[in-house]
Amino acid sequence: MKNWMWSVLVFVLTLIIVIVFNLPFLIFLFVVIPLLIIAFTYGSFNYSFRKTLKPESIPGKGYATRIKDLDLDTKKLERLGFQKWDDFYLRMIPDTIVYVLKHKEDSVYLCLYHLGAKKTCDFFTRYDNEDTLTTCNTIDGGMTPRPQKALLQIITSVSYEQIFELHKKAHKFLFDKGFRQYDIARQEFRQYFLKNIHDYAKRVSRRIKSNRYIYPTGWCSRSLGK
């Protein structure tokens, strides 16, 4: 669902509550609004991470600008040794286009996410002991619970080249400690990607139920890294 559609839905439902119940201003401000925030956040999460979520073909209309933007980034990343592997569409909130690239020489994967209002990226390496290393460019990546084996580093407001260099530096450290890269087959990547999304949703749900975690806005850079 596009961001503007979700915003309109939230506005309309809020307006209906205001008109129908005619609540005093202070009750609406300090009681209803916090409850609506919780309800809409919960609804957004459940929709985005529903069990029926699956990668789809990118729609033919309405996404030309996003595709052009990602294509330009892909051209730049080719100079770093990356090749486009896959692309797909996720019907989430916000709806997201994902480009998957893989390095020609190393088992380093790059996911570019276009959420309409912004872009994010994950440089990702998996190891044969099921440890993972993700280097992302958004602080949202560090706002969620992660398994001990899902290593993460965040660097913002820098170029793809700089993010990749930091990823390679961290990988070298792990390699020197005995970590060995695990190559993910092209035909298995979507399944692996989706599994990590659902695993992430389960971890967040457990935290919510235990009253230890409140889901923040955004979702990217949290899916990869089992």
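Which residue forms a salt bridge with K172? The partner is D176, and the closest N and O atoms of the pair are 3.1 Å apart. The views below start from this pair in a predicted model, where local features need pLDDT of at least 70, side-chain atom pairs count only at pLDDT 80 or more, and totals for chains, interfaces and linings use all residues. Residues are numbered from 1 along each chain as its sequence is written, and side-chain values use heavy atoms, with hydrogens and water left out.

View 1. An α-helix has 3.6 residues a turn, so residues three or four places apart point the same way. K172 is exposed at 51% relative accessibility, and D176 is exposed at 53% (buried means under 20% relative accessible area, exposed over 50%, partly exposed in between; 1.4 Å probe, protein chains only).

**View 2. Helix α4 has a buried side and an exposed side.** Helices (H or I, at least four residues) and strands (E, at least two) are DSSP runs, numbered from the N terminus. Have a look at Y160, I163, F164, H167, A170, H171 and L174, which are buried. Seen down the axis of α4, the buried residues fall within an arc of 130 degrees, so they line one face of the helix (the arc is that of the directions from the helix axis to the C-beta atoms). The face turned away from them carries the exposed residues K169, K172, F173 and D176. Just after α4, you will find G178 with a positive phi of about 105 degrees.

**View 3. K119 and D69 form a salt bridge, with their closest N and O atoms 3.3 Å apart.** K119 belongs to strand β4 (residues 119-126) and D69 to helix α3 (residues 64-78), so the pair ties together parts that are 50 residues apart in sequence. K119 is partly exposed at 30% relative accessibility, as is D69 at 26%. Salt bridges link D69, D73 and K119 in a network.

**View 4. K102 meets D183 in a salt bridge of 3.5 Å, N to O.** K102 lies in strand β2 (residues 96-103) and D183 in the loop between α4 (160-176) and α5 (186-209), so this pair ties together parts 81 residues apart in sequence. K102 is buried at 13% relative accessibility, whereas D183 is partly exposed at 44%. A search of the whole structure finds 12 salt bridges.

Key: Salt bridge = Lys/Arg side-chain N within 4 Å of Asp/Glu carboxyl O.
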